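Q: Hi! Could you walk me through this structure? I'd like to go over it piece by piece.

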Amino acid sequence: MFKIVSVSAAFGALLAVALSPAFLRWLHQTLGSRGPVVLPDDTVVDVAIVLGYALFRNGTPTEPLKGRVREGVELYMRGRARNLLFSGAHPGGVVMKRSEANVMRECAEGVLRDSRAGGGAQGLLAAQRWFEEDQSTSTWENAVFSLRICRQKGWRSVAVVTSPFHQIRSEMVFRRLLRDAEAASAEEAASVANGEPPPPIKLYMATASYTPHVGWYAAPLDRLVDAWDWAREVAALVYYAAQDRL
């Protein structure tokens, strides 16, 4: 009986540590972008691409998605991103028929209204410089469709905005697609007399804070969903590597 109690107590203590906010924050940050790709404080990009995340069944944004939106709006309001692009389709299933991009834009409009600069010219300008990409259903498609819009609009520098646990995979996917596009452009230019490839798109990853889940009925369930985000992302990295998408 003593051994059973001891093992149970040890397991409970381990679980408490594993689901503690401090440990989960550290865990998520292990998958965050680092080094030169992180957007410098003095750099202004043509567009900040805010990547979608799951919605609640009633079509409202989850806390991690709100966190991504807040980071994107902050870049825009501080003049570090000239435009915002919200990327994400309808997630499917029983969620109300709203795309992640549409929900993110509505959330961003609320953030802007609640800020000191939320009215007047700032709000009107946002209507002209905020865009939606509502076809993508995966990180790969986020990058494919968002970069297509960037090329159409002539944007040459982008900052990808996403949660820390999602940054490494997003960075690798965007970098892979940009590398492939540059190679294709170079081949096309070489086949034409005096051809010059278009300038490459410069990629940055915006810094983002860990935003834990709230609203899954009870705090322990929120922490389990936070842990699941990290575990699922590790599995997704393995899957993308196997599919040659990194």
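Q: Which residues is T211 in contact with, leaving aside its neighbours within four places in sequence?
A: T211 touches E63, P64, G67 and R70. Contact here means heavy atoms within 4.5 Å. This is a predicted model, where local features need pLDDT of at least 70 and side-chain atom pairs count only at pLDDT 80 or more, while totals for chains, interfaces and linings use all residues. Residues are numbered from 1 along each chain as its sequence is written, and side-chain values use heavy atoms, with hydrogens and water left out.

Q: Where is T211 found?
A: T211 sits in the loop between strand 5 (202-205) and helix 8. Helices (H or I, at least four residues) and strands (E, at least two) are DSSP runs, numbered from the N terminus.

Q: Is T211 buried or exposed?
A: T211 counts as buried because its relative accessibility is 19%. The cut-offs are under 20% relative accessible area for buried, over 50% for exposed, and partly exposed in between (1.4 Å probe, protein chains only).

Q: Thanks! Zooming out, how many helices and strands does the protein have?
A: There are eight helices and five strands. Along the sequence they follow the pattern α-α-β-α-β-α-α-β-α-β-α-β-α.

Q: And what share of the residues is buried?
A: Of the 246 residues in the protein, 43% are buried. As for contacts between residues at least 6 apart in sequence, 76% join residues at least 24 apart. The accessible surface comes to about 13,000 Å², and 59% of that belongs to carbon and sulfur atoms. Those areas come from the Shrake-Rupley method with a 1.4 Å probe; for residues, only the protein chains shown count as cover.

Q: Good to know. What is the mean pLDDT of the protein?
A: The mean pLDDT is 87, and 83% of the residues reach 70 or more. Over residues 5-16, though, the pLDDT is below 50, and this stretch has zero contacts in the model beyond near neighbours in sequence. pLDDT is the predictor's confidence in each residue, from 0 to 100.

Q: Switching to charges: how many salt bridges does a search of the whole structure find?
A: The search finds eleven salt bridges. The criterion is a side-chain nitrogen of Lys or Arg within 4 Å of a carboxyl oxygen of Asp or Glu.

Q: Why would such side chains pair up?
A: Side chains of opposite charge can pair when their charged atoms come close.

Q: Which residue does E106 form a salt bridge with?
A: E106 pairs with R98, and their closest N and O atoms are 2.2 Å apart. E106 counts as partly exposed because its relative accessibility is 39%. R98 is also partly exposed, with a relative accessible area of 22%.

Q: What about E74, which residue is its partner?
A: E74 forms a salt bridge with R78, with 3.4 Å between the closest N and O atoms. At 38% relative accessible area, E74 is partly exposed.

Q: And which side chain does R176 meet in a salt bridge?
A: R176 meets D244, at 3.4 Å from N to O. That pair links distant parts of the chain: R176 is in helix 7 (residues 167-190) and D244 is in the segment after helix 8, 68 residues apart. R176 counts as buried because its relative accessibility is 14%, whereas D244, at 49%, counts as partly exposed. Salt bridges that share partners join R176, D180 and D244 into one network.

Q: What about the phi of D244, positive or negative?
A: Phi of D244 is positive, near 60°, and D244 is a residue other than glycine. For background, most residues other than glycine have a negative phi.

Q: On to helix 6, how many residues does it have?
A: Helix 6 (residues 139-153) has 15 residues and reaches 21 Å from its first C-alpha to its last, close to the expected 21 Å. The expected span is 1.5 Å times one less than the number of residues. Its buried residues include W140, F145 and L147. Just after helix 6, G154 takes a positive phi of about 75°.

Q: Last one: which residues make the nonpolar surface patch?
A: W216, Y217, L221 and L224 make that patch, about 460 Å². Patches are made of residues with over 30% relative accessible area and no salt bridge: like charges are joined within 9 Å, and nonpolar side chains (Val, Leu, Ile, Met, Phe, Trp, Tyr) within 5 Å. L224 is in helix 8 (residues 219-242) and counts as partly exposed at 43% relative accessibility.
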